[in-house]
Amino acid sequence: MSNPRIQVEKFWTSEGWRRNVSFVPGDAASSPELLSGHWLPGIPNTHSHAFQRAMAGLAEYQTDAADSFWTWRELMYAFAGRMDPDSLYAVATQLYVEMLEAGYTSVCEFHYVHHQPDGTPYDDPAAMSRALIAAARDAGIGMTLLPVLYQRGGFDGRPLNARQQRFFHDTDAYLRLIDALRTEESPMLRIGVCFHSLRAVSMASIDGVLAALGGERPIHLHIAEQMPEVEDCIAAHGARPVRHLLDRQPVGANWTLVHATHMDASEIRDLAASGASVSICPTTEANLGDGLFSLPEWRAANGRWSIGSDSHISVSPVEELRWLEYGQRFKTGHRNVCVGDADDPFRRHVGNTLLAEAINGASGSTGRDASAGLIRLDTSQPALYGDDEALIDRWLFSGNRSAVSDVMVDGVWLVRDGRHRHRDGVADRYRDTLRQLTG
Ligand SMILES: [Zn+2]
């Protein structure tokens, strides 16, 4: 079934549950199909490196007592070195099917593995980007593709090492890549702009790209994920990374800063005031030992945020939102940290507030109308029994079985009874690909 006119029995909004809400994805048919049960908007996943899905769980083996983000990165580079357009397509399709089954209906794909392993462009320089676009299309997920500009090995301007060669573009080649991909834009695909990080791209290069592209495309970059990066930025520029960016670029509502784990009070205040959003990736940040985002301080400054699954050590909005809140409980010694105003009983529920802010905070990051995604929770599961007002609390904090039963994106049923319509075929290809990659 595609392009149906539908009405759902109960629909969650950030202000409360609504009854008998109609949706008209595509052309309106005669009378709406009434769908029973509890429905939510699809959840945006605002930070993904699809190829890393294939190495999730392969780096949980101690090689040195000082294992860290930086030793993990070496393994990740080795893994990236084995990817080609066919294997990237297979891994990304598997990942996007998993995302849809978990309730993510759009993804911001932060894509930096562009060339052949020795750095030579493919015959089609956009081949790896097109593999990701094809994976999103075939899985049915909405995509904001973020081709990454990656030019140097550190704040000191050192060149890329051998393993980083396949990430490199000069600025003209990068602009040609964006130009080539722009022609593929559609309601389901937006092309954004992306700088890997301030250590990998100079301010002059950012200036050059933004001068050429202008406009209001989504702009993403990693920032202040690890303390050595903060220290290197201070050594090179006399300022912390977020401060340095705010001083030098027109940061605004179309900017997404990924992680922003290490900010001081004035950076939090000024970044929030800029209207930019942060993409927080709690399970990856925990897995890599990054640190805890300053969520209470960020929310007190009216900062906008969303979630990403980043390295895909977990592909679950439940786990990201649960650990976002739990991290703050560990840090503060308090319960129920992420809640709305006292005069709004619905938003005193942590679940309702987490979900509302994660969805609303993503609009500038996706640059798309994400309203096309719709998911149903399986309220026949005992863990979800009870009143509607606290249903999202039970979904996010009680139990570990996936409760997402049905997913529709852009008028197409992709998941029924918890299973993506292409689950088996996609998994078969993924298994074969993983054997080649790890063999
Ligand atoms: Zn990342």
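Analyst: Buried means under 20% relative accessible area, exposed means over 50%, and partly exposed lies in between (1.4 Å probe, protein chains only). The model is predicted, so local features need pLDDT of at least 70, side-chain atom pairs count only at pLDDT 80 or more, and totals for chains, interfaces and linings use all residues. Residues are numbered from 1 along each chain as its sequence is written, and side-chain values use heavy atoms, with hydrogens and water left out.

User: Is F167 buried or exposed?

Analyst: F167 is buried, with a relative accessible area of 1%. Y150 is buried as well, at 2%.

User: How many aromatic pairs does the structure hold?

Analyst: The structure holds 14 aromatic pairs. Rings of Phe, Tyr and Trp (its six-membered ring) pair if their centres lie within 6.5 Å; planes under 30 degrees apart count as stacked, over 60 as edge-to-face and the rest as tilted.

User: Why is the pair of F69 and W70 edge-to-face?

Analyst: Their planes stand at 80 degrees, with the ring centres 4.7 Å apart, so the pair is edge-to-face. F69 is buried, with a relative accessible area of 6%, whereas W70 is partly exposed, at 27%.

User: What about Y150 and F167?

Analyst: Y150 and F167 form a tilted pair, with 5.1 Å from centre to centre and 55 degrees between the planes. Both residues belong to the loop between β6 (142-149) and α4 (171-182), 17 residues apart. Helices (H or I, at least four residues) and strands (E, at least two) are DSSP runs, numbered from the N terminus.

User: Which residues form the aromatic cluster?

Analyst: F51, Y77, Y112, Y150 and F167 form one aromatic cluster.

User: New topic: where does the charged end of R416 sit?

Analyst: The charged end of R416 sits over the ring of W413, 3.8 Å from the ring centre. A charge sits over a ring if NZ of Lys or CZ of Arg is within 6 Å of the ring centre and within 35 degrees of the ring normal. R329 lies over the face of F397, at 5.5 Å from the ring centre.

User: And which residues coordinate the zinc ion?

Analyst: H47, H49 and H222 coordinate the zinc ion, each through NE2, at 2.1 to 2.2 Å. Donors are N, O and S atoms within 2.8 Å of the metal (3.2 Å for Na, K and Ca); water is not among the atoms, so sites may look incomplete.

User: Where in the chain are H47 and H222?

Analyst: H47 is in strand β4 (residues 43-48) and H222 in strand β9 (residues 219-223), 175 residues apart. H47 counts as buried at 0% relative accessibility, and H222 counts as buried at 7%.
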